[in-house]
Amino acid sequence: MNQERAKWQAVRDDYAENLGKSVVARLETKGFKARYAATSEEARQILFFLIPEEASVGIPGSVTLRELGLIEALHKRGNTVYQHWDAALNPEEKPRRLQEELSSDIFLTGSNAVTLDGTIVNIDGTGNRVAGMAWGANRLIIVVGVNKICRDVESALARVRDAATPPNTQRLNMATPCATTGYCSDCNSPQRVCRAVLILERCPFGRDAHVIIVGESLGF
Ligand code: SF4
């Protein structure tokens, strides 16, 4: 990186840290155990601290976690990983795999958005991810890039529909309008993936819930 570029990158990094740490402080007032990680590497170190070596880990659909290389890293470390995006999985095995994800020792997920006041916002098609975030006897860990921080719930919901879902349906070749237009038209398509909305205003009662805000752009 040339000197000029490095100078502006340093400004972006400081901005990400200011914003990320502001949200971490708000999440902590809402019962989440929150931390800021400046880089993907720092995030992986925190995750390895929070996930015991013998723990099973359930990972639902999340581009963020795959961008962090966590599936391979956890496998290599010896953790049992359950994930329904496994290319070797037969369609008949998928329901059982979804259950295994939910009942793992650790439910490790990304998030569509988090607001400035520490509210976590997600929209799901199958409902498995929002189910695992809303309830579980296991440890919940949510990893979010600073690109997903939104001012409030309204802008978070708009982010999911206009920024997160179009590239997701596009990569899956789904027959939804947003897959080709790049924005939401509140469709009634049979393949509509916006079906279950979860707004976590506080950490659910009794849940051991951790949030890591990463100072990089991750996922959609
Ligand atoms: S409601 Fe339909 S068009 Fe809008 S984001 Fe969801 S799937 Fe795409």
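1. Four strands make up an open sheet, ordered S8-S5-S6-S9, and the pairing is mixed. Strand S8 (149-150) and strand S9 (196-200) are the edge strands, each pairing on one side only. Strands here are DSSP runs (E, at least two residues), helices are runs of H or I with at least four residues, and both are numbered from the N terminus. Two strands count as paired if DSSP finds at least two bridges between them.

2. A word on what you're looking at. This is a predicted model, where local features need pLDDT of at least 70 and side-chain atom pairs count only at pLDDT 80 or more, while totals for chains, interfaces and linings use all residues. Residues are numbered from 1 along each chain as its sequence is written.

3. Back to that sheet: strand S5 (residues 113-115) and S8 run parallel, joined by two bridges. Val114 has Ile149 in S8 as its bridge partner.

4. The other open sheet has six strands, in the order S1-S10-S7-S4-S2-S3, with parallel pairing.

5. S1 is joined to strand S10 (residues 208-214) by five bridges, and the two run parallel. Look for Tyr36, which stands opposite Ile213 in S10. Helix H1 (residues 3-29) packs on the sheet and touches S1 and S10, its direction making about 170° with that of S1. Helix H2 (residues 40-50) lies across S1, strand S7 (139-145) and S10, and runs at about 165° to S10. Angles go from 0 to 180 degrees between N-to-C directions, with axes fitted to C-alpha atoms (for helices, over the stretch in contact).

6. Which residues does Val211 touch, leaving out those up to four places away in sequence? They are Leu27, Phe32, Ala34, Ile142 and Val144. Contact means C-beta atoms, placed from the backbone, within 7 Å.

7. Now the ligand. There are 14 residues around the ligand, and Thr165, Cys178, Cys184, Cys187 and Cys194 come nearest; "around" means a C-beta atom, placed from the backbone, within 6 Å. Helix H7 (residues 153-171) supplies the largest share of that shell, three residues.

Terms used: Two residues are in contact if their C-beta atoms, placed from the backbone, lie within 7 Å.
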